[in-house]
Amino acid sequence: MASNTSNFVVPLPPVVKVEVEEQVVPKDFRGYLTRALAWTALMPLFMLAFMHFSQLTHTAAVIDDQQIMRTQQFARSISARFVSIETFLNTASDMISESIGSKVIPVSRLNKLAEKMPYLTSLKLISDTGSVDFHHGESSVSTAELMSAFAGSEVNVRSFQNEICFGSRIPEADSYDRSYLLIGCEPKEDIAAIFERSVGAEPYSLQIFDSKQKEIFFTSLNDSGNVRPQNLSSEFVKISEQMLGAPTPLWRTNQKRNDSAVLSIAEIPDTDWRAVFSQRVTFRDKQLLSSLLTSGVFLVCGALLALIVGTFLGFRLTNYVQTLIDQINAFKKDGSIKKPDRSFLANAPIELKLLSVQFEKLVRQVQSTQKKLEESNLDLTHQVNLRTRTLNQRNQELRALQFLLAPLQDEPHVVIKRTVESFRLILGLNQLDFVDEPERGRQDLASLPVKLSTGVLGYLSFERPDYTQENRVNTSLQRLANSIAIVLENKEMFSSVKASQSRFNALLESMTEGVVLIGKTGSLLYSNKTAREILSIAPGDGIAKVENYIEEHFRKVYLADSPNNPQDFFAGPSRYVSKVDSDFFIEASGFLVPEFHGYVGPRMGLLLRDISEEVSMERMKRNLISVVAHELKTPVTTLRLQSETLQRQIRSGKLSDSQQLLTEMLEESERLQNLICDWLDVSRLEAGSLVIKPKVQTVTAILNKAMKSVHLHFPHLEVSLKVEPEAECVLADKDRMTQVFVNILENAARYNDKEKPTCNVRSEKIDDSVVISFSDNGIGVSEKHLSKIFDSFYQVDMGSGRKVGGTGLGLSICRGIMAAHGGKIWAEQNPKGGTVFKISLSL
């Protein structure tokens with residue numbers, strides 16, 4: 001190391017001009033400082049304030065619950081007292097009733113019985129004449145008041161100024177001409193004693209009143225404010241009636257805060273009395289303030305801590321800037337350079353790092369003249385690093401472990417290798433490796449097992465440290481071993497779970513049937529791709545109630561051999577048809593899933609299957625049977641009858657009508673042949689073997705040929721033709737195109753209830769195609785049938801009693817012929833009535 005003597009002078013160039021341009025502080029640096037302070041200082045305060053508010057709310061709820069509980073407990077205690085007194089009076093009344101026939105009052109027995117009832121301070125037996133035949137104890141209520149209160153009343157308890165009295169009427173005996181009333185009285189101070197036991201040291205007020213808005217009793221305990229009784233107005237009684245039926249019978253009076261009170265009410269069972277507990281709001285505020293004292297201290301401490309941490313962060317950023325300023329000032333002063341420390345390079349904002357790079361470029365320009373000064377600076381940096389190694393080593397170890405335990409971006413063995421290498425450098429070891437087995441027979445190496453409860457996962461093999469560093473190195477390596485074991489175990493568990501989940505998802509998503517898992521509340525927990533397509537659910541959508549969703553979009557189909565149980569949604573398999581598309585059918589079967597990943601307990605599932613094609617095939621089978629039964633039966637029956645008629649004529653020698661019969665037989669045979677030809681055409685179209693020979697033809701020629709064929713059976717059909725010059729010629733197979741025209745024209749005549757059926761034909765050029773329109777004045781086709789009339793065997797009227805016959809193959813054959821020509825055919829509703837069929841051919 002070079003010595004810094006007083007006579008050492010670093011030669012400088014004659015002129016060294018250093019200009020430091022004024023830098024505009026970027027917003028990024030200011031934002032960095034602002035965010036650091038905000039997140040460090042404000043977020044803890046917000047969390048503590050939230051905890052403060054939560055504790056306040058919880059304490060208020062506890063105080064409310066305590067008041068309600070004490071009110072109800074007091075009502076039960078009073079009711080139990082009244083029940084015991086009534087039981088005593090009933091027992092005494094029965095005893096007197098047994099003895100009254102002998103006109104002797106059992107005074108001694110009554111005295112003994114009264115002494116056993118400590119609640120009652122007086123007991124009187126009063127006859128209907130007003131005389132007192134038995135008296136025990138003293139009472140402030142006169143006999144006249146007692147007789148007046150209990151005369152002709154079914155209520156067995158009455159309230160007086162200082163006492164509460166209970167009455168029990170003794171029925172008259174047949175041998176005695178007088179009746180008696182047994183009355184026991186209890187001082188109201190007993191109610192105050194029960195109230196005091198219920199509330200303890202809490203400041204409460206008690207008010208008891210009956211259903212006639214008459215106050216029975218009022219007292220206040222431990223309350224320096226002397227709470228006044230509530231005014232039994234109609235508004236107060238109405239509120240109390242509402243609170244009796246409320247889940248929480250508690251409300252606050254509408255007064256100033258110092259005078260306001262919180263009231264709770266409870267009915268006293270077996271009476272028409274109601275007890276109201278009152279407590280001042282100011283006392284409840286004191287309780288809340290007392291309960292919040294601790295959290296308030298934490299809030300203040302948190303604020304101070306946040307201020308200290310924020311000040312520290314601001315001081316740290318200021319140091320970064322000051323480090324750069326000192327570096328520039330040092331160079332401006334004597335040409336020396338001060339290298340930034342590692343903390344600056346690792347944590348300083350990018351703007352300061354870029355400024356440091358620009359400064360180093362300036363330093364390199366005068367590097368030749370400042371060599372010894374740089375060596376001295378490097379040596380000083382080395383000495384600082386040596387002094388701070390102990391403190392930085394622990395920080396480096398924690399960062400290395402944080403990198404190891406963070407979510408892995410690379411393979412575990414790569415991360416472990418990097419971390420082990422980092423620890424080797426941090427601890428200053430020549431050798432540190434993670435191996436499967438340690439080397440045997442080497443005295444200079446030591447090993448530390450990396451193990452879990454399942455066994456040893458490997459070993460940390462390292463150079464034996466100096467005895468002075470042994471404890472520190474072993475402690476650090478033990479932390480490293482534990483962290484490696486956790487990483488390997490987590491990776492193995494994650495790989496196993498991920499593989500199982502991938503196989504499960506691949507299996508369900510590849511199924512052609514829809515699978516739906518339903519929660520205990522009926523919500524949608526899982527659905528595969530097929531199920532989402534069947535139910536028209538987006539991947540991120542959820543369903544609160546699967547059963548309601550299916551019933552909303554589908555209608556259940558009840559078959560003859562299926563169970564008709566609409567209450568059991570999972571009874572199945574069940575068929576449903578879409579309410580939007582009547583041709584879309586699904587089949588739902590319920591099943592039970594005992595355990596599902598992530599959920600405890602069994603869950604119900606649905607297996608959904610698209611059976612639209614199956615239903616369509618069933619319909620086609622039924623339609624084919626109907627067509628065969630309807631269309632073949634008529635010509636076969638006609639041929640049979642005509643043959644039998646011709647046979648009889650030949651036998652009788654009378655052949656006058658034979659020519660007509662043969663003609664009709666030929667027509668029926670031709671009809672059968674046309675049916676067979678239609679079926680053959682459908683078979684060719686489905687097999688793709690229909691052969692066409694397109695040539696240039698005129699629309700007029702094709703239409704004339706078709707009209708001749710149609711007029712043989714429908715002579716009343718009027719056909720008009722309008723052809724644009726550009727749409728006169730088409731490239732088509734004349735015979736097949738004539739077949740299409742014939743089918744459309746016959747439909748215009750067959751499905752028509754007018755006396756004069758008409759069909760207007762128009763050929764026009766639209767873009768690069770010739771579009772030929774057939775507009776009739778027939779009965780028309782509804783909107784829902786327009787897209788289906790070109791299906792095989794489909795007819796709007798498929799009933800056995802339909803007015804117009806047909807196989808339902810004509811339009812299906814037309815669609816196949818147009819497809820073979822590279823064109824298309826479709827139907828539209830005619831605004832003037834009827835149907836418009838259109839065919840399109842490319843030019």
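Let's start with Ser278. Ser278 is buried, because its relative accessible area is 5%, and the cut-off for buried is under 20%. Keep in mind that this is a predicted model.

Where does Ser278 sit? In strand S10, residues 273-280. What does it touch? Leaving out residues up to four places away in sequence, Ser278 has contacts with Gln67, Pro203, Tyr204, Ser205, Gln230, Val262 and Leu263.

Now the cores. The largest nonpolar core holds 39 residues. Phe74, Leu206 and Ile208 have the most contacts inside it. Which helix gives the most to this core? Helix H1, residues 27-99, with ten residues.

As a general point, nonpolar side chains in soluble globular proteins tend to be buried together.

Last, a strand pair. Strand S20, residues 695-698, runs antiparallel to S22. How many bridges join them? Four. Within the pair, Gln697 stands opposite Val730 of S22.

S22 itself covers residues 729-732. Which residues are on its covered face? Val730 and Ala732. Cys729 and Leu731 make up the uncovered face. In a regular strand, side chains alternate between the two faces of the sheet.

Terms used:
Residues numbered from 1 in each chain as written. Predicted model: local features only at pLDDT ≥ 70, side-chain atom pairs only at ≥ 80, totals over all residues. Heavy atoms only, no water. Buried < 20%, exposed > 50% of the residue type's maximum accessible area, 1.4 Å probe, protein only. Helix = DSSP H or I, 4+ residues; strand = E, 2+ residues; numbered from the N terminus. Pairing = 2+ DSSP bridges. Core = buried A, V, L, I, M, F, W, Y, C linked by side-chain atoms within 4.5 Å. Contact = heavy atoms within 4.5 Å.
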